[in-house]
Amino acid sequence: MSEKRRRRETTHPRTGFWIGDTEVVPGSVVDIELEMARLPTRGPMTLPVRVFRGRIEGPKIWLSAAIHGDELSGIEIIRRALEGIDVHSLRGTVIAVPIVNVHGFLNRTRALPDGRDLNRSFPGSRRGSLTARLAWLFMSEIASKCDYGLDFHTATSDRINLPQLRADLSDPQTRALAEAFGAPVTIDARTRDGSLREVATKRGARVLLFEGGEAQRFDEASISAGVDGVHRVLEYLGMHGHHRRKAGRTRRRYVATGSSWVRAPRSGLFRSAVHNGETVSVGDELGVIANAFGDDAIVVRSKLAGVIVSMALNPVVHQGDALVHVAFVEG
Ligand SMILES: [Zn+2]
């Protein structure tokens with residue numbers, strides 16, 4: 001916060017809605033550059049934010065992506081979702097932060113230059129590491145001002161994810177929000193320490209984490225599932241006006257009580273026989289692991305039953321490597 005703004009606030013308490021040094025008035029779309037830290041080359045590094053504030057008061061929701069700098073599909077989900085928002089008929093406020101980890105995005109890396117994982121660094125601190133400061137900035141300027149949050153991720157490198165939600169389904173309101181989003185698979189998942197979802201939830205927001213596609217790529221199936229999900233959530237929260245974009249057709253959806261990886265029983269080259277989205281039963285063949293000549297082949301069988309939600313992409317596997325991620329679906 002600037003000194004000027006601090007002084008102004010002490011003498012005239014604010015009544016409007018502010019992000020950084022910018023007041024966002026009803027019925028406006030505002031672009032804000034939140035100052036993070038200076039670059040080693042001198043210029044400022046900023047966090048780009050676009051805010052849609054409807055004329056009518058209503059829920060406040062943030063859309064965030066690229067908390068891991070190499071996870072790009074969420075950026076495109078947010079871009080397309082914003083195209084369908086008409087600020088004149090919007091009820092409430094949408095805060096879009098499509099590239100949270102700006103350093104990682106530019107460097108094409110998951111982490112920040114200090115090597116830390118932003119999604120294990122919340123709530124962060126004003127005077128901590130570069131990563132902790134970014135976490136603090138996002139918490140104080142975005143998440144703490146919202147009632148709801150949608151955080152978009154992809155698989156880590158060398159894996160691909162089926163479009164899916166992670167949410168705390170033990171909370172009825174979060175569960176209803178996840179049902180409104182309508183991802184192909186929704187997994188009841190505990191939050192990880194230091195994640196945005198964990199910290200924002202503790203502070204009273206309802207948060208869904210979306211995973212889909214792979215790092216460094218746009219994945220069309222995940223993007224369209226994500227865009228449809230955003231619009232269905234806005235509709236569910238009563239935020240959309242009559243100009244809303246029509247949400248996509250309903251597909252088969254699963255709710256899962258948890259998930260686990262089937263791991264390589266031996267090192268070698270894995271030739272997969274299954275795909276994301278397929279259902280498997282205990283004992284089903286998932287693929288074969290053999291050496292480079294095809295010798296010593298063993299069939300990998302599923303020890304789990306459910307829907308495949310993530311797959312390893314690199315066929316070179318060491319014993320114990322994660323191969324196929326299975327979600328335990330209900331019913
Ligand atoms: Zn991620």
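Among contacts in the chain between residues at least 6 apart in sequence, 65% join residues at least 24 apart; two residues are in contact if their C-beta atoms, placed from the backbone, lie within 7 Å. This is a predicted model, in which local features need pLDDT of at least 70, side-chain atom pairs count only at pLDDT 80 or more, and totals for chains, interfaces and linings use all residues. Residues are numbered from 1 along each chain as its sequence is written.

**Whole chain.** Select everything. The C-alpha trace spans about 75 × 45 × 30 Å along its principal axes. Of the 331 residues, 43% count as buried (20 or more other C-beta atoms within 10 Å of a residue's own; exposed means 12 or fewer, partly exposed in between). Colour by secondary structure to find seven helices and 18 strands. These are DSSP runs numbered from the N terminus: helices are H or I with at least four residues, strands E with at least two.

**Helix 2.** Select residues 73–83, which form helix 2. Which of its residues are buried? They are S73, G74, E76, I77, I78 and A81. Now show what covers them, including strand 5 (56–65), strand 6 (91–97), strand 7 (148–153), strand 10 (206–213) and helix 7.

**Helix 2 with helix 7.** Axes are lines fitted to C-alpha atoms, for helices over the stretch in contact, and angles run from 0 to 180 degrees between N-to-C directions. Helix 2 and helix 7 are therefore oblique to each other (under 35 degrees is roughly parallel, over 145 roughly antiparallel, 65 to 115 roughly perpendicular, the rest oblique). Show side chains for the contact: S73, G74, E76, I77, R80 and A81 come from helix 2, and S222, I223, G226, V227, V230 and H231 from helix 7. These residues divide into five nonpolar, five polar and two charged.

**I298.** Move to strand 15, residues 298–301, where I298 lies. Is I298 buried or partly exposed? I298 counts as partly exposed because it has 13 C-beta neighbours inside 10 Å. Leaving aside neighbours within four places in sequence, I298 is in contact with P265, R266, V288 and I289. Draw a distance from I298 to R266: they are 32 residues apart in sequence and 8.3 Å apart in space, C-alpha to C-alpha.

Methods: Ala, Val, Leu, Ile, Met, Phe, Trp, Tyr, Cys and Pro count as nonpolar, Asp, Glu, Lys and Arg as charged, and the others, Gly among them, as polar.
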